[in-house]
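Me: Hey, can you walk me through this one? I'd like to ask things as they come up.

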Amino acid sequence: MIIITQPNATEEQINRIVTRVREFGLDAQISRGASRVIIGVIGPEALLREKPLAAMPGVEAIVPVLKPYKLASRESREASSVAIGGIQVGTNEDVILISGPCSVESREQIFSIAKIVKKSGAKILRGGAFKPRTSPYSFQGLREDGLRFLAEARAETGLPVITEIMDPRDLSVIEKYADCLQVGTRNMQNFSLLKEVGRSRLPVLLKRGFSATINDLIMSAEYILSEGNMNVVLCERGIRTFETATRYTLDLSAVPLLKSKTHLPVIVDPTHAIGLRKFVPQMSLAALAAGADALMIEVHDSPELAKSDGDQALTPEIFADLVPRLRAVAAAIGRKL
Ligand code: PEP
Ligand code: MN
């Protein structure tokens, strides 16, 4: 942390600032410029974070040197990869396809879609059993039955499964069946939920809140990491902007930014971002080119009958047609899918 003094700060004020810093158990190094003094604070910055130094007479600004997120920070670790079932996400080389319906609707439905997406190249199966719906009258998910069907689909196809958790009270039942916990956009800042999944043995796919900044997302990841769960994957899924022509606005700049600020794998969900089936393929290709470690794409065998998000789900044919084009883009940027 660096303390910049006001140009007219008196010697007495500067001495008082230095004394205060030392009282906190830190060292202070003074450099005198032409018009102002800069005080470099040496020692664990956390000791000062909550202290009202900025209010002291003579202080103009306080500039943190270290990031507020220690465990997620790129400075703390080289790029990490996260195992979901047996599949590594974030290896720099492989790009992983995660696919499946928005909601698990029946045993037959999830079996059929799991086989379809596997055949086209998906490595992980997704499907919601607890659904965060805007209306309480909309389909809420099959709950434990849905989880069981997902686990049965995994047994049949070998695909590990990701499913959303909305309530800490559901953690133990979800842990019985799933390979990865998804924290959805609406719960990105549900701090009790973040702490709870931070104590789980399962990896966590953390989706960006649709009104959250990149820093907010990283701080939410920090909640999970600080509880001891180091297996966190970040997901850009579209943010709310003034634009209403698409469901959300896919912020692809989040991918390189998150990768430069954190060591965590970064994936993209183009489906929820754009919300329109027709354009999901283009945005998937763009997300891959932007450096996503995985893509999460909703697929449904009868989108017109889907109980949620039918308008954005790819048909099996569109998905099958997209995968070779994704492979070509992966090859062009030195990756493999
Ligand atoms: C989903 O993945 O089906 C979902 C509800 O995602 P989000 O939380 O991004 O809206
Ligand atoms: Mn969905």
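Me: Let's start with E93. How accessible is E93, and what do we call that?
Reply: E93 has a relative accessibility of 42%, so E93 counts as partly exposed. Keep in mind that this is a predicted model.

Me: Which side chain does E93 meet in a salt bridge?
Reply: The side chain of K336. The N to O distance is 3.9 Å. K336 is partly exposed too, with a relative accessible area of 46%.

Me: How many salt bridges does a search of the whole structure find?
Reply: It finds 24. One of them joins the side chains of E152 and R107, at 2.5 Å from N to O.

Me: Which parts does the pair of E152 and R107 tie together?
Reply: E152 lies in helix α4 (residues 144-157) and R107 in helix α3 (residues 107-120), so the pair ties together parts 45 residues apart in sequence. E152 is partly exposed at 26% relative accessible area, and R107 is partly exposed at 37%.

Me: And what does E144 form with K176?
Reply: A salt bridge, with the closest N and O atoms 3.6 Å apart. E144 is in helix α4 and K176 is in helix α5 (residues 171-177), 32 residues apart.

Me: Are E144 and K176 exposed or partly exposed?
Reply: E144 is partly exposed, with a relative accessible area of 29%. K176 is at 58%, and the cut-off for exposed is over 50%, so K176 counts as exposed.

Me: New topic: sheets. What is the order of strands in the open sheet of four?
Reply: The order is β2-β3-β1-β4, with antiparallel pairing. The edge strands are β2 (27-32) and β4, and each of these pairs on one side only. On average, neighbouring strands in this sheet are turned by 20° against each other, ignoring direction.

Me: Over how many bridges do β2 and β3 pair?
Reply: Over six bridges, in the antiparallel sense, with β3 covering residues 37-42. In that pairing, D27 stands opposite I42 in β3.

Me: Which helix packs on the sheet?
Reply: Helix α1 (residues 11-23), which touches β1 (2-5), β2, β3 and β4. The direction of α1 makes about 155° with that of β2.

Me: Last thing, the whole protein. How many helices and strands?
Reply: The secondary structure comes to eleven helices and 14 strands. The C-alpha trace spans about 75 × 45 × 35 Å along its principal axes.

Me: What share of the residues is buried?
Reply: Buried residues make up 53% of the 337 residues. The accessible surface comes to about 14800 Å², and 53% of that belongs to carbon and sulfur atoms.

Note on methods
Residues numbered from 1 in each chain as written. Chains lettered and ligands numbered in written order. Predicted model: local features only at pLDDT ≥ 70, side-chain atom pairs only at ≥ 80, totals over all residues. Heavy atoms only, no water. Pairing = 2+ DSSP bridges. Helix = DSSP H or I, 4+ residues; strand = E, 2+ residues; numbered from the N terminus. Axes fitted to C-alpha atoms, helices over the stretch in contact; angles between N-to-C directions. Contact = heavy atoms within 4.5 Å. Buried < 20%, exposed > 50% of the residue type's maximum accessible area, 1.4 Å probe, protein only. Areas by Shrake-Rupley, 256 points an atom, 1.4 Å probe, with all protein chains shown as cover. Salt bridge = Lys/Arg side-chain N within 4 Å of Asp/Glu carboxyl O.
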